[in-house]
Amino acid sequence: MSETQTTKGILDIDKIRSHFPVLHQQVNGKPLVYFDNAATSQKPKVVIETINDYYEGYNANIHRGIHTLAEKATKAFEESRKTIKSFINANETEEIIFTKGTTEGINLVASSYGRKNLSEGDEIIISGLEHHSNIVPWQIVAEEKGATIKVIPVLADGTLDMEAYKSLLTDKTKIVAVNHASNSLGTINPVKEIIDAAHGVGAKVLIDGAQAAAHLPIDVQALDCDFYAISAHKVYGPTGTGALYGKRTLLEAMPPYQGGGEMIKHVSFEKTTYNDIPYKFEAGTPNIGDVIGFQKAIEFVNEVGKASMAAYESELLNYATEKVAKIQDMQLIGTAKKKVSVLSFVIEGIHPFDIGQMLDARGVAVRTGHHCTEPLMDRFGIEGTVRASFAVYNTKEEIDSMVDGLNRIVRFMK
Ligand code: C6P
């Protein structure tokens, strides 16, 4: 049994909380309630200590030196790649490219695969649920190549209109890029169905897994997606690193994304040859310490158990949804049956920003605004929402504290 479970085999939330130093503080004179996990989750001690150990004990550049520290750092860096390969069930470690995060992963594919394979008149399908990171890179390459972007509409409950999606697919569709779960509404998308339909017309599929990585099982082979991008910092890992999965055959055929050290085999002024994957896509000194920390974050998730985490977070979401729905003039935005632990709402007559500030005064951290999904906010005719997003260390008492705060805000403002 895991150390984070009680003798009855259920998660021991107090024990889990004890792994996260940042949670144990007062903010504005009140115990911190951290409900901004979709923006970035907090880091367990083991991640913080691992990064510290690297800098204190074996900081060295990787793949270059033959000295002991360089070898130790290289080994730890490559071990992390193996852990991430298993985490998303890729077939080979070479299919895992370390990036700065999801944003860079998507830009890499749009820039390298997109530039090489898109031509005038081709079509890219994205969805109305996308984060700007999965919109703008496609707009840049579409503009350059004369391709068109088509958008899967979003239904009133925050799910995708799958009939409309299928009618958008044609032999001109070259790329489909959608998220696994929406950051603003929490909707879990039927990615397997999306991928299969896209493959039916010969298109390649990129899945933005930023919001899925901490909550949903990911099996890139079973999904048969062509690319899958994640960020470490949303899975209890450090900021500034993430991973992009790509199928070997696609990665091998793609041109480099950036030029520099590490991504080459041989350089002369006449001709340069490129390194094998994944190094072809890892130009320059990477974020070594954080990549090593990323591994520990994944190990932490594996140790607690992603399925147990997801079940507990779903319990929190249901509890919060029920309580929040009773608040006066409350409108929940995003009511899909299948959601990750994201609760988005507006209260008529009170600006989300004001709600966010007043909750912060009570120690409750939520995100307010458009959450980098402006087209989605336009779809619902709103400027933004208040978003509470839950992680495994949150509790029902914390939700009560937020609900109490919201009720006071409504009484005060109305
Ligand atoms: N969403 C949020 O508060 P980066 O910044 O590269 O780690 O992740 C970008 C990104 C891409 N796709 C989705 C679905 C996301 O949710 C995010 C990041 C944060 O919702 C910060 S805007």
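The model is predicted: local features need pLDDT of at least 70, side-chain atom pairs count only at pLDDT 80 or more, and totals for chains, interfaces and linings use all residues. Residues are numbered from 1 along each chain as its sequence is written, and side-chain values use heavy atoms, with hydrogens and water left out.

**Ligand surroundings**

- There are 16 residues around the ligand, and Thr103, Asp208, Ser231, His233 and Arg367 come nearest; a residue is near if one of its heavy atoms lies within 4 Å of the molecule.
- This shell divides into 4 nonpolar, 8 polar and 4 charged residues. Ala, Val, Leu, Ile, Met, Phe, Trp, Tyr, Cys and Pro count as nonpolar, Asp, Glu, Lys and Arg as charged, and the others, Gly among them, as polar.
- Domain 1 (13-31 + 305-413) and domain 2 (49-302) each supply at least three residues of the shell; the bounds come from an automatic or database domain assignment.

- A polar contact here is a pair of N or O atoms within 3.5 Å.
- Oxygen atoms of the ligand lie 2.4 Å from a side-chain N or O atom of arginine 367, 2.7 Å from a polar side-chain atom of glutamine 211 and 2.8 Å from one of arginine 387.
- The protein buries 87% of the 510 Å² that the ligand exposes when taken alone (Shrake-Rupley method, 1.4 Å probe).

**Largest pocket**

- The ligand takes up the space of the largest pocket (more than half of its atoms lie within 2 Å of the grid points).
- A pocket is an open set of points on a 1 Å grid over the protein atoms alone, with protein on both sides within 12 Å along at least five of seven lines; lining residues have an atom within 4 Å of a point.
- The largest pocket holds about 280 Å³ of space. Among its 22 lining residues, Thr103, His131, Ser133, Ala210 and Lys234 are the closest to its centre.
- Domain 1 and domain 2 both give residues to the lining, so the pocket lies between them.

**Largest cavity**

- A cavity is a set of points where a 1.4 Å probe fits but cannot get out.
- The whole structure has 1 cavity of 30 Å³ or more, and the largest cavity holds about 40 Å³.
- Its lining includes Asn37, His215, Lys234 and Phe390.

Definitions and conventions. A polar contact is a pair of N or O atoms within 3.5 Å; within protein, one must be able to donate a hydrogen and the other to accept it, and residues adjacent in sequence count only if both atoms are side-chain atoms. Grid points are joined across faces, edges and corners, and a volume is the space filled by probe spheres set on the points.
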